[in-house]
Amino acid sequence: MKIQVNGSKAGDKESGCALCGATWGDYYEEIDGERLFFCCDVCATEFKNMLKEVKNRTGWKKIDEITINGNFYKGRTCIAKSGGNEFKFYVRFNDNAEVETFKVTD
């Protein structure tokens with residue numbers, strides 16, 4: 001999965017956390033068959049919850065690419081891509097890493 005966070009490549013230790021882009025920490029999760037780097041387990045859970053919501057709403061089995069802009073406090077504006085399809089959304093999480101707000105955007 002190609003991941004971009006706030007304009008930079010993300011998802012491995014060198015580039016940063018797959019959700020927030022931070023390079024500290026040392027937490028990994030296998031998601032959709034890929035081992036992704038996260039700064040912490042909270043970001044990993046938020047990322048998984050976000051992908052689950054996208055898959056539920058689109059019916060996609062896999063996400064090829066995701067672009068994430070924003071942060072925990074303001075929420076994140078995202079574009080997910082699968083095949084030739086694109087899905088734009090806004091997501092915000094609560095303190096328990098659950099999706100608090102999810103809006104489809106244009």
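Contact here means heavy atoms within 4.5 Å, and axes are lines fitted to C-alpha atoms, for helices over the stretch in contact, with angles running from 0 to 180 degrees between N-to-C directions. The model shown is predicted, so that local features need pLDDT of at least 70 and side-chain atom pairs count only at pLDDT 80 or more, while totals for chains, interfaces and linings use all residues. Residues are numbered from 1 along each chain as its sequence is written, and side-chain values use heavy atoms, with hydrogens and water left out.

Figure 1. Helices (H or I, at least four residues) and strands (E, at least two) are DSSP runs, numbered from the N terminus. Along the sequence these elements follow the pattern β-β-β-β-α-β-β-β-β. The radius of gyration, taken over C-alpha atoms, is 12 Å, close to the 13 Å given for 106 residues by the globule rule (2.2 Å times the number of residues to the power 0.38), so the protein is as compact as a globular protein of that length. The C-alpha trace spans about 35 × 30 × 20 Å along its principal axes.

Figure 2. Strands β6 (residues 75-82) and β7 (residues 85-93) run antiparallel and are joined by seven bridges; Ile-79 has Lys-88 in β7 as its bridge partner.

**Figure 3. The largest nonpolar core, with 31 residues.** A nonpolar core is a set of buried Ala, Val, Leu, Ile, Met, Phe, Trp, Tyr and Cys residues joined through side-chain atoms within 4.5 Å; buried means under 20% relative accessible area, exposed over 50%, and partly exposed in between (1.4 Å probe, protein chains only). The residues with the most contacts inside this core are Ile-3, Phe-38, Phe-47, Met-50, Ile-66 and Phe-89. Two or more residues come from each of β1, β4 (34-38), α1, β5, β6 and β7, and α1 gives the most, with six residues. Leaving aside neighbours within four places in sequence, Ile-66 is in contact with residues including Ile-3, Phe-47, Met-50, Ile-79 and Phe-89.

**Figure 4. Salt bridges, of which a search of the whole structure finds seven.** A salt bridge is a side-chain nitrogen of Lys or Arg within 4 Å of a carboxyl oxygen of Asp or Glu. Lys-9 and Asp-12 form one of them, their closest N and O atoms being 2.6 Å apart; Lys-9 is exposed, with a relative accessible area of 53%, whereas Asp-12 is partly exposed, at 24%. Glu-53 and Arg-57 meet in another (2.7 Å, N to O), and both lie in helix α1 (residues 41-58), four residues apart, about one turn of the helix. Arg-92 and Glu-100 also meet in a salt bridge (3.8 Å, N to O), and Arg-92 counts as partly exposed at 28% relative accessibility. Salt bridges that share partners join Lys-81, Glu-86 and Lys-88 into one network.

Definitions and conventions:
Pairing = 2+ DSSP bridges.
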